[in-house]
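Here is a short briefing on one protein model. Have the sequence and the 3D view ready.

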Amino acid sequence: MDKNAFQTELNRVSFTPQGRAALAEALAGGQAALVRRPAGWARRGMAAAIAAVVLAGSALAAGTLWDHYFGQLDEVQQKVINTLSQDLPAAESNGTVMTPLAAFGDQDFYYLMLEIRAPEGTVLRDYGEDEGFYQLFGDALEEDVTLTDAGGQDILCTLDYEWINSDPTDNVLTAVIRLWSMEDADLCDGKDKVLHIPGLWVQSPDKVYTPILTGSWDFNIGTHSGGVQSLTPDIAGVTVEDGECGTMTMEYLRLSPLGMRVRHSWSEPKEGVLPGAPLSVVMEDGSEVFLQDSVGSCGEDWNEEYGPFEAPIDLDKAVAVRWGTAEIPLD
């Protein structure tokens with residue numbers, strides 16, 4: 001494995017200032033803390049693949065761009081995205097216009113495809129591996145991406161993103177941003193949630209941040225979401241046996257077109273052992289859909305995690321959730 005792969009993943013994660021403090025406090029106190037952990041089926045080399053894509057024409061088609069983010073989408077998956085996507089107004093600061101091309105989310109995740117159009121004469125070029133990579137934040141606390149509620153209070157979140165540069169010689173760059181809620185905030189409840197972007201930087205391999213565009217771009221993602229169908233199937237009595245920790249019992253399960261949240265406990269806790277079982281959604285054609293990666297928290301005898309699917313799914317075509325040897329019907 002590339003020795004820089006883990007560091008690259010960390011570089012793509014941004015916390016609010018309060019999020020950093022909360023996480024540090026939890027870790028210092030030895031308490032359960034939210035942890036980002038890539039799954040075995042996570043995409044590899046996606047940034048390089050997307051950077052190599054050249055799209056014809058001056059206007060970027062959101063549908064085509066989603067293909068390069070999620071992988072080739074079929075008609076059903078594209079219809080799910082089109083159905084969920086909301087119109088989100090553009091924002092302008094210091095001559096740079098950031099325009100949402102697509103925006104949709106559920107309780108735990110929010111996807112924003114954002115076109116960044118810098119002033120004429122600014123070139124948003126590609127950067128080589130030895131030069132660095134684009135970031136939406138700098139190295140100062142006031143240069144962080146934040147998500148705040150109607151009262152201006154921070155909502156703990158993390159984000160990751162991919163870049164699409166159709167023409168490295170012009171002034172346009174597209175970002176696909178995925179927000180993860182790190183507390184009980186519902187990202188699709190229709191209430192004010194303002195995503196603040198302070199600009200565009202290039203982070204060098206030595207973690208030197210060079211500003212490319214600075215200003216203030218705000219998007220009220222909370223009022224441009226909602227209507228996302230979710231399922232909480234009956235999981236009473238659903239158990240799976242683990243060779244080390246006894247009986248694992250599912251305690252909570254929720255899934256939407258975008259991902260799943262699950263909580264389970266086990267009967268015989270052992271220090272340093274976190275038991276689990278493969279988790280997937282079974283579609284009516286017999287195929288299985290897995291989580292791309294997940295975030296979670298855990299205790300001595302319990303674990304809760306949630307994550308996005310590799311690509312959106314049509315819940316009407318989902319027939320069951322498979323957890324290890326157990327299969328939970330979605331009636």
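This is a predicted model: local features need pLDDT of at least 70, side-chain atom pairs count only at pLDDT 80 or more; totals for chains, interfaces and linings use all residues.

Residues are numbered from 1 along each chain as its sequence is written, and side-chain values use heavy atoms, with hydrogens and water left out.

**The cavity**
- A cavity is a set of points, on a 1 Å grid over the protein atoms alone, where a 1.4 Å probe fits but cannot get out.
- The model has 1 cavity of 30 Å³ or more.
- The largest cavity holds about 40 Å³ of space; a volume is the space filled by probe spheres set on the points.
- Its lining residues (an atom within 4 Å of a point) include D106, R254 and M260.
- By class, the lining has 2 nonpolar, 3 polar and 4 charged residues; Asp, Glu, Lys and Arg count as charged, and Gly is among the polar ones.

**A buried loop residue**
- Q292 lies in the loop between β15 (288-290) and β16 (293-298); strands are DSSP runs (E, at least two residues).
- Q292 is buried, at 4% relative accessible area (buried means under 20%, exposed over 50%, partly exposed in between, with a 1.4 Å probe and protein chains only).

**Positive phi**
- Most residues other than glycine have a negative phi.
- N94 has a positive phi of about 50° and is exposed at 59%.
- K207 has a positive phi of about 65° and is partly exposed at 41%.

Key. On a 1 Å grid over the protein atoms alone, a cavity is a set of points where a 1.4 Å probe fits but cannot get out, and a pocket is an open set with protein on both sides within 12 Å along at least five of seven lines; lining residues have an atom within 4 Å of a point. Helices (H or I, at least four residues) and strands (E, at least two) are DSSP runs, numbered from the N terminus.
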